[in-house]
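This note is written for a reader who is meeting the structure for the first time. Please keep the sequence and the model in view while reading.

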Amino acid sequence: MDALEAIFTRRSYGRLTEPAPTDEHLQRILAAGAAAPDHGELRPFRFTLLRGAGLDAFGEVLEEAYFRRCTDSGKAPVPAKAQKERTKLGRAPLVIVVSAVRQPSDKIPWVDQRDAAVAAAENILLAAHALGYGAMWRTGDPCEDEYVKKSLGLAKDDAIVGFLYVGTPHEPKEPKPVELDGLVAEFGS
Ligand SMILES: Cc1cc2nc3c(=O)[nH]c(=O)nc-3n(C[C@H](O)[C@H](O)[C@H](O)COP(=O)(O)O)c2cc1C
């Protein structure tokens, strides 16, 4: 599959099953992430793999983080929400957490470092798709949560840019129509 075909046929899949990427494919997918444009070549992106027992263990981290957010905001935890946090990673056999670790630099602003990790995440989605897998980028409260960041070995000023769910879709989706209407302008005309 060439690059443009991958871009125009990639879709998000809310539920993914086995097979997860083979080890060889996973290395290609992660290398595609690390090949993203990276201002200053600071390599700020990090990829944390959650699979097998790691998915269950990290589900407990997400549930505990939810309880802590409830305590901090003075709200009573809702059992169904706690359960969702604990189990939601089960929607795919592999989750790649893409984060940006702030690198010291006088020249390269943090926003560029974070954006490099965002570009890495998109590369990962496209590479997974090109190799025949499905994926979905998810964010939400855990991305901003200090307890979650700490559990991943991140500092509070680092960023989680997404939880990328990866596996095999039940059924492939049709490509979506892409409209340029209203998106493009030509300066000076
Ligand atoms: C930065 C980012 C965060 C996203 N977070 C979520 C999310 O938390 N939950 C969700 O259902 N989809 C999330 N998505 C996926 C979009 O919903 C999805 O890409 C969109 O519906 C378009 O569908 P497609 O990917 O099949 O073209 C996210 C996408 C991006 C780029």
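The numbered points below move from the overall fold to individual salt bridges.

1. Basis of the note. The model is predicted: local features need pLDDT of at least 70, side-chain atom pairs count only at pLDDT 80 or more, and totals for chains, interfaces and linings use all residues. Residues are numbered from 1 along each chain as its sequence is written, and side-chain values use heavy atoms, with hydrogens and water left out.

2. Secondary structure. The chain contains six helices and five strands; these are DSSP runs numbered from the N terminus, helices being H or I with at least four residues and strands E with at least two. Read from the N terminus, the order is α-β-α-β-α-α-β-α-β-α-β. The radius of gyration is 18 Å, close to the 16 Å of the globule rule for 189 residues, so the chain is as compact as a globular protein of that length. This radius is taken over C-alpha atoms, and the rule is 2.2 Å times the number of residues to the power 0.38.

3. Of the 189 residues, 40% count as buried (under 20% relative accessible area; exposed is over 50%, partly exposed in between; 1.4 Å probe, protein chains only). Among contacts (heavy atoms within 4.5 Å) between residues at least 6 apart in sequence, 78% join residues at least 24 apart.

4. Salt bridges. A search of the whole structure finds five salt bridges, each defined as a side-chain nitrogen of Lys or Arg within 4 Å of a carboxyl oxygen of Asp or Glu.

5. Arginine 86 and glutamate 63. These side chains form a salt bridge with an N to O distance of 2.6 Å. Arginine 86 belongs to helix α4 (residues 79–87) and glutamate 63 to helix α3 (residues 53–73), so the pair ties together parts that are 23 residues apart in sequence. Arginine 86 is partly exposed at 34% relative accessibility, whereas glutamate 63 is buried at 14%.

6. Arginine 69 and aspartate 145. Where in the chain do the partners of this salt bridge lie? Their closest N and O atoms are 2.7 Å apart. Arginine 69 lies in helix α3 and aspartate 145 in the loop between β4 (134–138) and α6 (146–151), so the pair ties together parts that are 76 residues apart in sequence. Arginine 69 is partly exposed at 22% relative accessibility, and aspartate 145 is buried at 7%.

7. Lysine 88 and glutamate 85. This salt bridge has its closest N and O atoms 3.0 Å apart, and both residues are buried.
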